[in-house]
Amino acid sequence: MRAGFPDFRLGNVLATSFTGTLSERHGDAVERIPTPHRLIDWLAVNGLAVDSCTTAQLDLARELRESIHAAATAAAIQDALPVSAVQVINDRSAQGRAAAILTPEGKRRWRLSSASCVEDALSVIAADAISIIAGERDGKLALCASPTCQAAFFDTSQSRTRKWCDMNTCGNRQKKARFHANQRKNPRSAE
């Protein structure tokens with residue numbers, strides 16, 4: 001990891017983890033892939049290692065990220081999918097070369113060839129977004145309850161009632177705020 005950048009917020013779903021590279025969208029936004037090298041880092045952490053990335057490829061990645069976020073948000077609130085977002089997702093999915101492989105543990109992983117580029121990695125992310133937005137996987141799209149975040153996430157909890165994109169950040173912050181508000185209302189309860 002390169003020093004001086006905010007940590008990645010990693011999840012179990014590639015597409016929504018990718019949208020999490022821009023967090024606090026409705027507050028003080030935090031860009032987690034501000035440079036091409038940082039995108040290379042994120043892709044490597046997610047099993048999609050590439051050797052290089054240009055500024056133009058970073059722009060393609062951010063366009064895909066925002067398109068996935070827009071489509072996932074619309075799906076989460078059961079609204080019509082934005083046509084432009086669907087087009088970007090489909091274009092990125094069709095433009096890459098990657099192979100699905102089966103691991104000895106029975107899991108699907110993606111393999112990029114040694115000559116793969118950022119567009120190949122983006123096609124994997126787009127394909128993952130298509131599978132969750134189309135409802136092909138067990139879970140549901142939801143929006144983070146944090147008013148400053150509202151990130152789209154894929155809820156695979158048994159009850160499908162998860163409120164936070166990440167309990168360690170948004171959920172913890174909201175619980176702390178609620179605790180402090182209760183302490184101000186009832187100062188004697190702390191004694």
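Biologist: Is Trp42 buried or exposed?

Modeller: Keep in mind that this is a predicted model. Buried means under 20% relative accessible area. Trp42 has 0% relative accessibility, so Trp42 counts as buried. Phe18 is buried as well, with a relative accessible area of 0%.

Biologist: How many aromatic pairs does a search of the whole structure find?

Modeller: The search finds one aromatic pair. A pair of aromatic rings is described by the distance of the centres and the angle of the planes. Here the partners are Phe18 and Trp42, with ring centres 5.0 Å apart. Planes under 30 degrees apart count as stacked and over 60 as edge-to-face. The planes of Phe18 and Trp42 are at 55 degrees, so this pair is tilted.

Biologist: Where does the charged end of Arg137 sit?

Modeller: That charged end lies over the ring of Phe154, 5.7 Å from the ring centre.

Biologist: And what does the side chain of Arg92 make a polar contact with?

Modeller: Its partner is the side chain of Glu63, at 2.5 Å. Arg92 is part of helix H4 (residues 83–95). With a relative accessible area of 9%, Arg92 is buried. Leaving aside neighbours within four places in sequence, Arg92 is in contact with residues including Leu60, Leu64, Leu122 and Ala126.

Terms used
Residues numbered from 1 in each chain as written. Predicted model: local features only at pLDDT ≥ 70, side-chain atom pairs only at ≥ 80, totals over all residues. Heavy atoms only, no water. Phe/Tyr/Trp six-rings, centres within 6.5 Å; stacked < 30°, edge-to-face > 60°. Buried < 20%, exposed > 50% of the residue type's maximum accessible area, 1.4 Å probe, protein only. Lys NZ or Arg CZ within 6 Å of the ring centre and 35° of its normal. Helix = DSSP H or I, 4+ residues; strand = E, 2+ residues; numbered from the N terminus. Polar contact = N/O pair within 3.5 Å; in protein donor to acceptor, adjacent residues only side chain to side chain. Contact = heavy atoms within 4.5 Å.
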